Each structure stands twice: as structure tokens, then as C-alpha cells.
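Please look at the sequence and the structure before reading on.

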Amino acid sequence: MIIITGICFVLVRMLPPVELPLGDPHTQIIEARREAQGYNKPYIVQFGIFLKNVLTKWDWGVSDKLYLGQDVAEIFASKLPATMIVNLYSIIFSIPIGIAFGIFAALKKNTWIDHTISTLTMVCISVPSFVYAFIIQYFFSYKLSLFPFLMKSGTDYFSWSMFHSMIPVILSLAMPVIAGFTRTTRAELTEVLTSEFMLLARTKGLTKAQATVRHALKNCMVVILPSIFGEFIGILDGSLIIEKLFGVPGVGSLYINSIDGRDYPMFMMLTVFYTTIGLAASIVVDISYGFIDPRIRMGSKK
């Protein structure tokens, strides 16, 4: 995390600072902050000052451009709930559907149903999510007028009007997740169904459905559950482009705006945030394997 943060810090500081508006009362404050953060010193010194302020005082600085003179951490905290809610809805919607499609395709292996689901899965994985956003906006928002083009403003995240405006965003975010879980579940379940212990279970009198539910799905969960944990950790991650397209007032669109506006403090806080979320998701997925299947922990002791 420190290496990634350091690289991003140097690259963004190589860009010329944004010009401050003349006569604005916040200009003097920002200029004083820049002086204190060593903007005229070598990059390694600036990075040291940045780390010291964050680790000792939790001071991420004030916005240079987007929210002139306002505390970066407070702005970030106000934007985070919108991203979390949208991603939570998309995960709750996509995980059961993806797993169900994967199970259905595995049980119908090498039939037209399996081929159709597998083809659609590869298409959904290959196509970027913002393409789905354009398609959903065109058909559901423009042609059919079922949903608004942009997410409703406000903080009433659990109201029906807010949820109704979120549906296009949720569908756009859910498509790749559904496809990913479909592919993973189908691949794992197909392999397990052809294992020797499944043949043994059938010879002992279990029906195909009983053997699948009691044994096959249980073994598949060793791979599927860590993916679910990773998705829930990544719930804070959001989608930079999707949030921008649908006007979601979350951290994704804030990140893009901070790059466009060369807002150094805002960009650095969001960079550390996204890096931490990505690394945390990877660690949780790796550790969860041992808790889900004790044999993995036992094998590591040999």
C-alpha cells in the first residue's frame, strides 16, 4: 500500500498545481497549507510530510479545487454512503442469481441450455459495464420511460423513490457480477459432479438431487464463498464510470473529478482508500479459504 501510494503521490505532484481563484477567502488558507506540506520541497520530503500528517493527526488536507478550503475527510465521509448503498443492492441482487444460473448450467451440462448460459456469461464478462449502462439508459429510461436517467439526489437511501432511481445503476453493476458467479459456480460444480465420491454417493442410494445438495454444493462453496466475501469487502469500491454516468453522488465520481481538477489532497485520500479496499479484499479471500475448508489449514502445517 505504501509503495502504490508513493508512486501515485509522486506522479500526481508532477502535475502543476491548480491555480487558485483571486480574491477568494480560502485562497490564503490553501496557500498556507501548501507551504506547510512542502510543495516547494523534493517529492520524498513532501511524501514524508503527507504520511506524518495522516498517521499522527489523521489530517488529509483541504480541497484545492472541488470543495475549496473544505476538509477532505469530511467530504469523503459524506460521499461514501451513496456508493455503499448502490453496491449493496447490486451484490444482494446478483449473487443468488449468478449462483442459480451456474448450478442450472452445470446440471444441464453439454445441452443447449448450458451452451446458451455459457455464451451469455462470456459476453457479459467481456463487455465493459459502462456499455450495459448505455443500453439500460436507452431502453429502460429513454424508450420505455420506466426509470429516470440519473439517480435521485438526497440522503433518503431506503425510500422507494430513491430505490426506483437506483435500479438502472444496480442492473449495470450487477451484470458482470452475475456473469462471474455463474462461470465460477458452473466450472466448480461440473468438476465436482464427475468426482469419484459423487459416484460413491449415488451407489449408496442417494438420488442425483440429494447427492448434489448434500455433497457437490458443499464442496463448491469452498471456492464460491471466498468470492462472496471479496465482493462484500469490495462494496465500498464502487464503479468510477458507472457512478459518473448515472450521477451517483458517491466516491467514484468524486475520484474522477479530483483527477480532472488536479485536487491533490482529494486524489490522494481516494487513492489510499481504493488501494486499501483492494488489498483487504484479497487478504480476506485468501484467509477465508482456511476457515471454510479446514483441510487447507491442515495442509499448511505439513
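How many aromatic pairs does a search of the whole structure find? The search finds 15 aromatic pairs. The model in which they occur is a predicted one.

## Overall architecture

The protein contains 13 helices and zero strands. Taken along the principal axes, the C-alpha atoms fill a box of roughly 85 × 60 × 30 Å. Of the 302 residues in the protein, 42% are buried.

Met 1 lies in the segment before α1.

## Aromatic pairs

One of the aromatic pairs is formed by Phe 9 and Phe 50. Their ring centres are 5.5 Å apart and their planes make an angle of 35 degrees, which is a tilted arrangement. Phe 9 belongs to helix α1 (residues 2–13) and Phe 50 to helix α3 (residues 43–57), so the pair links distant parts of the chain, 41 residues apart. Both Phe 9 and Phe 50 are buried.

Phe 273 and Tyr 274 form another pair, with ring centres 5.3 Å apart. The planes of Phe 273 and Tyr 274 stand at 65 degrees, and because an angle over 60 degrees counts as edge-to-face, the pair is given that name. Phe 273 and Tyr 274 are buried as well.

Ring pairs also build a cluster, which consists of Phe 9, Phe 47, Phe 50, Trp 58 and Trp 60.

## Helices α4 and α7

Two packed helices are described by the distance between their axes and the angle between those axes. For helix α4 (residues 72–107) and helix α7 (residues 160–193), the axes come within 5 Å and cross at roughly 35 degrees. The crossing of α4 past α7 is right-handed. The residues of this contact divide into 24 nonpolar, eight polar and one charged.

Helix α7 is also bent, by about 40 degrees at Met 166. A proline, Pro 168, follows within four residues of that position. Between its end C-alpha atoms α7 spans only 43 Å, whereas a straight helix of 34 residues would span 50 Å at 1.5 Å a residue.

Conventions. Residues are numbered from 1 along each chain as its sequence is written. This is a predicted model: local features need pLDDT of at least 70, side-chain atom pairs count only at pLDDT 80 or more; totals for chains, interfaces and linings use all residues. Side-chain values use heavy atoms; hydrogens and water are left out. Axes are lines fitted to C-alpha atoms, for helices over the stretch in contact, and angles run from 0 to 180 degrees between N-to-C directions. Helices (H or I, at least four residues) and strands (E, at least two) are DSSP runs, numbered from the N terminus. A crossing is left-handed if the near helix is turned anticlockwise from the far one by less than a right angle, and right-handed if clockwise. Ala, Val, Leu, Ile, Met, Phe, Trp, Tyr, Cys and Pro count as nonpolar, Asp, Glu, Lys and Arg as charged, and the others, Gly among them, as polar. The expected span of a helix is 1.5 Å times one less than its number of residues. The bend at a residue is the angle between axes fitted to the seven residues ending there and the seven starting there. Rings of Phe, Tyr and Trp (its six-membered ring) pair if their centres lie within 6.5 Å; planes under 30 degrees apart count as stacked, over 60 as edge-to-face and the rest as tilted. Buried means under 20% relative accessible area, exposed over 50%, partly exposed in between (1.4 Å probe, protein chains only).
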